[in-house]
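Have a look at the view below, and then we'll go through a few spots together.

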Amino acid sequence: AYGFAPDVVGDAVYAATPNGNVVKVALGSGQVLWQTQAGMRLSAGAGSDGRTTAVAAADGTVIAFDDQGQEKWRTKATSEVSIPPAVGAGIVAVRSTDYRTQAFDAETGDLRWSVQRPGPALALKTSMQMQIVQNLLFTGLPNGRIMAIDAASGAVQWEGTVSTSYGATDLER
């Protein structure tokens, strides 16, 4: 479904389905290492760093599992999350449909920081993903911009334009 893509970390693949199944599979053999049920319908697939695996539900619930498939915590984002969470550097980061990027502590689920940018008046859902590299969270924005956020503090390190939309109306842009 839309918003679902497997996440490969080391020698394992983490994946989820809209009906709430979450799984860790050995990359080389296809052996299921653990499988669990989130207990609710999901709107975004799995993100993992190999220690914490997170998924998101349509009501904004973010659910984290340990590397044995046991639930660690549940918390709420500000609105629906439709792209897989980014997990790493001690956080679980989600971007919600209100253009807010939030980071939750990977161990406790406590909110660590929140960054919001205005979005365009009209935007289509996209399958862009977030990445954590060298303690920076990289996230694309629906207005053709990219942003790098310090994973520990939530401080925006830089923003840049990838592309500029053209057109006389919101629909054309």
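## A facing pair

Gly140 sits opposite Ile146 in β15. Strands here are DSSP runs of E with at least two residues, numbered from the N terminus, and two strands pair if DSSP finds at least two bridges between them.

A word on where this comes from: the model is predicted, so local features need pLDDT of at least 70 and side-chain atom pairs count only at pLDDT 80 or more, while totals for chains, interfaces and linings use all residues. Residues are numbered from 1 along each chain as its sequence is written, and side-chain values use heavy atoms, with hydrogens and water left out.

## The sheet around it

Zoom out and you get an open sheet of four strands in the order β13-β14-β15-β16, with antiparallel pairing. At the edges stand β13 (131-133) and β16 (156-161); each has a single partner strand, so one side of each lacks a neighbour in the sheet.

## Two residues with positive phi

Most residues other than glycine have a negative phi. Asn135, in the loop between β13 and β14, is not a glycine, yet its phi is positive, about 65°. Ala89, in the loop between β9 (86-88) and β10 (91-95), is not a glycine either and has a positive phi of about 55°.
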